[in-house]
Amino acid sequence: MAQIKLFGYTDKISVRCGDEIKVHVNADGTDTADAQLVRLIHGDAHPSGPGFIEEEVACEANGAWAVTKQYTQVGSFLKVVDSERVLALDGSFTLFTYVWATLPAIGLRQTMIGRWDIRSNKGYGLGINRKGILEFWVGDGREVDSLEAEVPLMARIWYFVAVSFDAKTGRAELFQEPMLNRYNSLLGKVAPIDYRSHVAETLRFRPDNDLATPFLIAGAQDWHEARGHFVAQCFCGKLDRPGIYGRAMARDELAALQAGNRPADGQVAFWDTTAGYTPHGIGDTVVDTGPHRLDAQGYNRPVRAQTGYNWNGRNDCFRLAPEEYGGVEFHVDAMIDCNWQVTRTIKLPDTLKSGAYAFRLRAGPGRGLAEEYVVFFVRAKVAKAPIAFLVPTGSYLAYGNEHLSFDAQIIQPMTGQPPIVDEIDIEMYKNPDFGLSTYDAWEDGAGVCFSGYHRPIMNMRPKYRMSSMGTTWQFPADLSIIAWLDKLGFDYEILTEEDVHVEGLAALKPYKCVLSGTHPEYVSERILDATEDFIAEGGRFIYMGGNGYYWNVAYREDDPSVMEVRKLDSGMRAWAARPGEHYLQTTGDKSGLWRNRGRAPQKTLGVGFIGEGFESGKPFRRMPDSYHRTVSWITEGIEGEIIGEFGLAQGGSAGLELDRYDLKLGTPPHAKIIASSGGHTDNYVLSVEEILYAYPGMSGTQDYRIRADIVYFTAPNGGGVFSTGSIAFGQALPCNVFENNVSRLLKNVVDAFSADRALPGELWVSDEKQWR
Amino acid sequence: MSEIWKNPLAPWRGDAEPQEAPSEAYSDPGEVWRAKRQSHTKLYKVGRLRYYHKWRGHGAKTWTRTRYWPTRRRVLDIRGEYNPKILRREKTIVDKRPIWWLLSFIAIAVAPFLAPKDLQSTLISAGTVFLIYAAINLCWTLILGTAGIFSLATMAVVGAAAYGAASMSVFYGWPWWTLPFVGGGIGFVFGVVIALPATRLDGFYYALLTLGLNELCRVYVVQSRTFGSATGGVYGADSFIPTGASQRVELIIGYFASFALMLSALALFRFVNGKRLGRILRMAPEKREAFAQAVGIDYRTARIQVFIISSVGLGVIGGFYASYFHGASPSLFSFDSVLLGLAMLVIGGLGKAEGAVLGTFIVIVIDKVFLQLGPIRLILVGAIMLGVVLLLKNGLFGIKHQFRDWRDKKKSENRSTRAEKGGEMLPEEATEAGDKDLIYAQRFDKMQRDYLKGVVSEKLVEEHARNPLGQHSEPLERLLLYFRRQPQVDKYAIAVIEPFKAYRIVALSGHRGVAPRVVEEKTYPSEREAYHGVFLRRVQDLLES
C-alpha cells in the first residue's frame, strides 16, 4: 500500500467565527481522514519549553472526512479563450513571436505557441525541440511532421521567430532572427555568433485540428487517465507579442513583422503583451488586439512587467514605456494555486475564541506525513479585546515551502550549521506540486516573485522547525507569543496582515495595543501605512521581531491570497531581479527594501535590520538609559542587568536576525535604548544594505553595530512603540513555563500599553539637574 | 606546536562561553600558494587541426531542404551547430550512410561494364550471386538482428521456396513471373511453422532445431524422386531471361534483375527495421525483454511478425532463384551455404543492412572470385570470421564505434594516470569544460584542501565536540567554513528520525526532486552529536581526498 500522506489548505487565511471556510485536501494511500478542529496554542516542541500545546474544539466538521487524491497543474502558461474555434486553423497560416528562452538546451520539448494535443498528436505548434532547436510541427492524429531550424537557440537572447505554412503546397518556412541590442540579452555584439536561420521544407502531413484542444501560449495539452487533461511541455523564458496570420507570409513580410510592421490583412490574432498596463500594474489577461479579441488568460501567474525584445536600458519601469515591457515570463515549475476540489465546506462555530486554528487531519499512523494541520486564523466577530496579535501572513507566504537547505549553497555558511531535514522537507523537495517560496529560484535560476496560500504551506504548521536553522521560524515561532498571551491570561484577539491590507487602519483601530510577529519582514504599503497611522493616532505597537517591515510587497485588489515581491539592489536577498524588472506588476510600485524607498523601519519602529546569524543566541543587557524614570517602569521587577539568557532559539533572546537603533535612518530622536545584546559570534554578519565597501571585520565579534536594541519611544496622542529588535525574543518567552525576565519585561509593557490610561513615566520631562 | 586560543567573546558572558581552547599555532594559508609553482605533471599542448571540410551555416539565406519522396525523411540528416572553440557556424552530416549507399549503387550499376573482358563472365556471375545472397542476408539479418530470433533455417526457406516454385513451373508450366509469388506463399507457410517453436525455445536450442530443419530439407530433396534425386535437382523452370539471348546479355539481365532484388530487400529492411516494428524491438534488446514487457511493449508479437515478413521475403527470393537458375538444387540446403551465410552476417555486423551487404561482398569475392586459391578460400573466410568474432564487437561496421569506445577508455586511463585525485584539471580536461570558471574553482579548492589538511588535529576535533555551534578558534572556523561552502551535491545534512531524540546523517542530492540518500545507519541521540558526526565525516573526507 502506498504511504499515507495528507496535505491541505483553506480558501481563506483569515475568517471570523461563524464564517464558512472551505478546506481542500489531497490524500495519498487513504480515502478517509480523521478531522478535528484545534486551537493552536504553542508550536515549538523544543524540550526546554512547554512543548506543543493544542486545544480540541467542538465543531460539526469533526470526525471522518472522505478524502481523495488531487492533482496539481504545475507550470505557467496562457490559455486562449476561443469558443468559436477560430484558431483551429485548417488552411495556411503564419505564427510568430519574440522569444527569450532560458533553458533551450534542457532536453525537453517546450511549446511556445500552438494548438497541440500531446496525446492525440493533433494540431500544430511552434516551440523548442529536445535538441534545443526551434521547431514547427503539425499532426493529424496518426502522423506528425515537423521542420526545424538550422542552429540551436541560445539562452537569454532575444529572437524573432516565425513559421509560415502553406496548406496547399505543404511548404513551411521557419524564420529566426536575433533581436539583440546593447541591453536586452545575455550577450552583446562582441560575441561572434550568427543567430540567423531560415529553413524551408515541404511537409508531407497537414494538421488536423481537434475541436477540444485549447490554444496555449507556453504549453500544450496532455492527458492522463486518472487526471484528465492537463498542460505539459511548458516553456521556460519570456515571450513577447505573439500572433497569428491566416495566410502563409513570404520572407519579406516576415521581415516586416520582425520590424514590428503588422499588417491588418489576414491577421487572426495578435496578443499585444504591452496592452493593458496601468500606472497601478497589470493582471493575468493578455489582450488580443486582433479582429476576434481572443484574449489569453494566465495560469499560475506568468510574470508580467518584464522587459521585452525592444527594451533599450533607458526606461526602468513599464510605467515609463509600456511598449518596451512586452515580456511575459513563463516557468515550468511555477505553482501559485493548487486549484484542488473542495473537500469540505465548514461553518465555523459562532462561539470560537479568536486565535490560530487548524483542522488536524490524521490517517493511518497519524504522524509524520499522515498528520496534517490545515492552519487558518480566526479574528473576533467584533473587536472587543484591548490587545491584538498581528499575524504576519505576508512573511508566511514569502517563506512558504522554502527549499534553502537543499538548493542554496550559501545556507550552511550563513546559518553556521548543517541542516536538519525532516520527512516533510524531503516530501516538499521531491514534489513540485507544492510550489516554491520567494527564497527559491525557478528551474531556470530566476528568482520566485510570487507566493500564495492556496496550496499546502508545510512550514506554516505547528511543530515545524526550519531545517536550515534548527529552530522554529515564522508561524510556529509566532505561536510562542500567542501561547504567552494565552498563558498570562491577557484579553487578546488575532488579526492578520491580510485584514490590515484589505481594511487598512480600520482593522487596527479598535485595539489599544498591537503585537507583531517575530519576523514580519514582508509588508505592503497599505500595511505599513496603517501601522504608521495606528501609532501616530495614539495606538501602541509592540514590534516583537527582527528584520521586520523590510520588503515592499504587493497584493492584487481582487486576490489577497498571492503576494508579489521583487528582490533587488540591496538587502539580504535570495535573488536579484534583472535590470529593468524592479517594479511590481501587481501595483506598479518599486519593490525592494522599504529603506531604499525612504521608509526605513526605524522611522516607524525605532529599530531596523542590522545583521543576522543562526547558530547562537545571546542575552540582552540593560542600557544606562533604561534607568531614566520615563522608562524605568519597563524593567520593573527584573533583577540584575542581564535579560533573556535563555530561549528556544539557540539559547538566547537576542538572536537569528537583529535590529538596531539608528538616528540616521529615522529612529525618533527621543527614543531610548532599554537594553542591547552583545557578544555575538562571527556567524553574525552585517546586512548588505549597510555595506558600501566590503572590508574585513564586519562580523559579530568585531563590528559594534551588530546587536539587537530594545527601543522604546512615545508617539503622538498617547501612542507608544516598544521594539524588541530580535527574532529570538519571542522564543524566549516560554522558557521556565513563561516565568522569566523576558516574560516579565514584555508583561510590563503589555500591561501599560493595553491599559486605558496614559503611558507611565511621561511626567519625568525636566532637564537633568542632579548632583550625581 | 600548540597554542591557546582566546575566545573574543569571553568578556561578554563570563563562564557561559568557553574562555579559551587549546588550538594550533597560526599557519599561513598563503603558504600553499607560494609553494605551488608548477603542475605535478607535464602539460601537453592540446587542440587539433581539422583535416576535412565542414560547410558553414546558411546565415540569412533560406535553406530549402528536400526529402525522399514520398517520405518525411530528409535526404541527409544534417546538424547545424556552433563550433564550441570559435563559435563559428558549422554543418555536420550526422548520418553519412545515404552517401555511401548511393556511391555503392552507382558502383554496382557500372561494374559489369568496367570488368575486364576476359574475366567478365566470372565477375558478372559472381556479382549476381553476391546480389542474391545480399538480398537473402538482408532478410536474415532482420531475423537475427532486428527480431533477435536465432534462426538458421533461412536457406531452408529459400530452398523450399525455390523447389516449390521450380516444381510449379516444371510440372504445371507456370510462367516465370508467378514464381516469386509461389515462393512468397511457401515462405509464409514456412515462416508460420518455424515461428511457432520460436515462442517456446530459446537461443541455442532454437538454432539447433532450425539447423535440423535445414538438414531435413536437404536429405528430403536428395532422396526424393520428384525433386530429382537422380538429376541433382529440379530443372527446366521458366525464366525471365529470354531464350536465345547471348550469354553476355543473359548475364547482364540476370545481374540487374538481382540488383533489383537486392534493392527490394533493402526496401523491405528499411520498412521493417526503420519503422514501428523495428523501433518496438529496439526497445526490447536481448536480456532486457522483461523490462520492455513491464513497460507495455509487446515484443513477442513484434518478433513473430518480423520473422514471418522476412520469411515471405526469403520465399520471394527463392522464387526468383528458381526462375533465374531455371530450377533448384540440393546445394541450396547444404551446410556450407548456411555457414557461409552466417559468416557474411557476422563479418559485416548483425542487424545492419550495410553489414549484411558488405559481409556478403567480402565472402563472395573470396569464394567466387579467387577461385584459383582453391579450398584455402574457405579457411580464409573462416579466419576472417574468427578474427571478427574475436576482435570486433559488432562486425566491420561496429569498428568506428568500437574504436571510439577504445579511445575513450585509453583516454580516461591516461588521464587517471596523469591527473591528481581531486587535483587541478589537465589541459585536455579543461578544453572540455563549458564553464572555464570551474577550472579555477578546482585549483582554488585544491589549494584550500592542501592547507586545511595541515590544520586538522585532535585538538580541533575535541574543540568541535565540545561546542559544535558558536564561536570557534580560527583554524576550526576556517575548516568549518570550507565544509559549509561546499556545493550541494552529496553535501552532508542531518535527517530527523524522531525530533530531539534520534537523528541520522544523510547526503543531499543537489538535484531538485531527488531525496537525500542515507549515508549510514547510525543514529545520534541529539542534534549536537549529529552535528559532530557530520563534522567527523567531513574531516575524514578531507583527509582522504
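**Contact between chains A and B**

I began with the contact between the two chains in this predicted model, and found that 42 residues of chain A and 45 residues of chain B take part in it. I then looked up which elements of chain A give two or more residues to the side that touches chain B, and noted β15 (197-202), α3 (404-407), α4 (411-415), β29 (420-421), α5 (423-430) and β38 (607-618). The largest share of that side, four residues, comes from β15(A). Sorting the side of chain A that touches chain B by class, I noted 17 nonpolar, 12 polar and 13 charged residues.

**Strands across the contact**

I next followed β29(A), which gives two or more residues to the side touching chain B, and saw that two bridges join β29(A) to β8 of chain B, residues 492-498, with the two strands running parallel. For I420(A), I recorded I494(B) as the bridge partner in β8(B).

**Nonpolar cores**

Turning to the cores, I found that the largest nonpolar one has 181 residues, and that A33(A), F389(A), V514(A), I542(A) and V711(A) are those with the most contacts inside it. Helix α6 of chain A, residues 475-487, supplies the largest share of this core, eight residues.

I took V711(A) from that list and looked up its neighbours; leaving aside residues up to four places away in sequence, V711(A) touches G606(A), V607(A), Y661(A), T667(A), A671(A), K672(A), I673(A), I674(A), S723(A) and G725(A).

I also noted a second, separate core of 91 residues, which includes V221(B), F227(B), L261(B) and I309(B).

Terms used:
Residues numbered from 1 in each chain as written. Chains lettered and ligands numbered in written order. Predicted model: local features only at pLDDT ≥ 70, side-chain atom pairs only at ≥ 80, totals over all residues. Contact = placed C-beta atoms within 7 Å. Nonpolar A, V, L, I, M, F, W, Y, C, P; charged D, E, K, R; others polar. Pairing = 2+ DSSP bridges. Core = buried A, V, L, I, M, F, W, Y, C linked by C-beta atoms within 7 Å. Buried ≥ 20, exposed ≤ 12 C-beta atoms within 10 Å, placed from the backbone.
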